[in-house]
Amino acid sequence: MAEKVSVIIVTYNGIKWIDKCVGFLRNSTIPVTPIIVDNCSTDGTTSLIELTYPEVILIKSDVNLGFGKGNNIGLQKALTLGCDYFFLLNQDAWIESNTVEELILAHQNNLNYGILSPVHLNGLGDKLDFAFSHHISATNTPNLLSDLYFSRPKQIYESKFINAAAWLISRSCLEAVGLFDPIFPHYGEDDDYAFRTLSLGYKIGVVPKVKIYHDRNETNNSNLNLNVQRSYIRSLLKIKNSGGLFWGRFIYALKTDIDTFFTFLMYRRFKEARVKVVVIFRLVKNLKQIHKSYLLTNKSIK
């Protein structure tokens, strides 16, 4: 296989996963070029990489850029290297030896797919990753679960969305869709990218033959800042990825958040109401930036 493959990893204080995330790449059945963009780690992540993994192209950021912007730097570097495939891998995830090769083989038999994902297991490998299990439901990824149960798996299953913990992106897809939208601070970047991918006629798929392990906390987080961010992301996605002109989308999303705020007040759910207040003010404050993002996305899918 002559294709040039990059593996792009964005790290932030991920030292406990580096030996699996990066180390297991050495066992890949095809050569890969690891590119790591570090978001200003303070736990020794970059020192471990430099000492133990000299094959890694390490790019150090002076600030925490987040997932999307960090991956954009890695993708741009991989493009300059002339890579044909771009495998995005979370810092808390790791592959098996045949994961990348089988994804590429599946793509070469199905060139209409722009993004392919393996199956995501948890860190112990004893059950499906919590989020991934939702993405392979019968409505989101038809027939996958049924076919696996009856032992009749196909090479690829088309899906509406799979989270970007382990995405293989083809060069043609990347060149058409572009980079992650930097308007998303953290969370939602992959939702937006998936929408743009599908809008351009590419498919998203799951390859059940191969898997990765994703060692993350699956408990619900009630942190106020995180809830604000997730609610804000949902509003951004409504504005960017629903039908109609920008101002209609923006006003609809803003009105929905205002109505929800008053509903929370009515039922004395003051924490949720506080979240909505912050989201409403953030949408208004970032109006120019949101409009610019909408114009760029709308242009890319015409």
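Visitor: How should I read the relative accessibility of Ala164: is this residue buried or exposed?
Guide: Ala164 counts as buried, because its relative accessibility is 3%, where buried means under 20% relative accessible area, exposed means over 50% and partly exposed lies in between, with a 1.4 Å probe and protein chains only. Please keep in mind that this is a predicted model, in which local features need pLDDT of at least 70 and side-chain atom pairs count only at pLDDT 80 or more, while totals for chains, interfaces and linings use all residues. Residues are numbered from 1 along each chain as its sequence is written, and side-chain values use heavy atoms, with hydrogens and water left out.

Visitor: Where is the place of Ala164, and which residues does Ala164 touch?
Guide: Ala164 sits in the loop between β7 (157-159) and β8 (166-170); helices (H or I, at least four residues) and strands (E, at least two) are DSSP runs, numbered from the N terminus. If residues up to four places away in sequence are not counted, Ala164 touches Phe67, Leu88, Asn90 and Asp190, contact being heavy atoms within 4.5 Å. The C-alpha atoms of Ala164 and Leu89 are separated by 7.6 Å, although these residues are 75 residues apart along the chain.

Visitor: Where does Ile204 lie, and is Ile204 buried or exposed?
Guide: Ile204 belongs to strand β9 (residues 203-214) and counts as buried at 1% relative accessibility. Leaving aside neighbours within four places in sequence, Ile204 has contacts that include Tyr113, Ile115, Tyr157 and Glu158, and also Ala194, Thr197 and Leu198. Ala194 and Thr197 are themselves among the buried residues of helix α8 (residues 189-199), a list that also includes Asp190 and Tyr193.

Visitor: At what angle do α9 and α11 pack, and how far apart are their axes?
Guide: Two packed helices are described by the angle between their axes and the distance between the axes. Helix α9 (residues 224-241) and helix α11 (residues 270-285) pack at an angle of about 50°, with their axes 9 Å apart, where axes are lines fitted to C-alpha atoms, for helices over the stretch in contact, and angles run from 0 to 180 degrees between N-to-C directions. That makes α9 oblique to α11, since angles under 35 degrees count as roughly parallel, over 145 as roughly antiparallel, 65 to 115 as roughly perpendicular and the rest as oblique. Among the residues that make the contact are Leu224, Val228, Tyr232 and Ile239 of α9 and Val275, Val278, Arg282 and Leu283 of α11. By class, this contact of α9 with α11 has 9 nonpolar, 4 polar and 3 charged residues, where Ala, Val, Leu, Ile, Met, Phe, Trp, Tyr, Cys and Pro count as nonpolar, Asp, Glu, Lys and Arg as charged, and the others, Gly among them, as polar.

Visitor: How do α9 and helix α10 cross?
Guide: The axes of α9 and helix α10 (residues 246-266) come within 8 Å and cross at roughly 155°, which makes α9 roughly antiparallel to α10. The contact involves Ser235, Lys238, Ile239, Lys240 and Asn241 of α9, together with Phe246, Arg249, Phe250, Ala253, Thr256 and Asp257 of α10. By class, the contact of α9 with α10 has 4 nonpolar, 3 polar and 4 charged residues.

Visitor: At what angle do the axes of α8 and α9 cross?
Guide: The axes of α8 and α9 cross at roughly 15° and come within 10 Å, which makes α8 roughly parallel to α9. Asp191, Asp192 and Phe195 of α8 make the contact with Leu237, Lys240 and Asn241 of α9, and by class the contact of α8 with α9 has 2 nonpolar, 1 polar and 3 charged residues.
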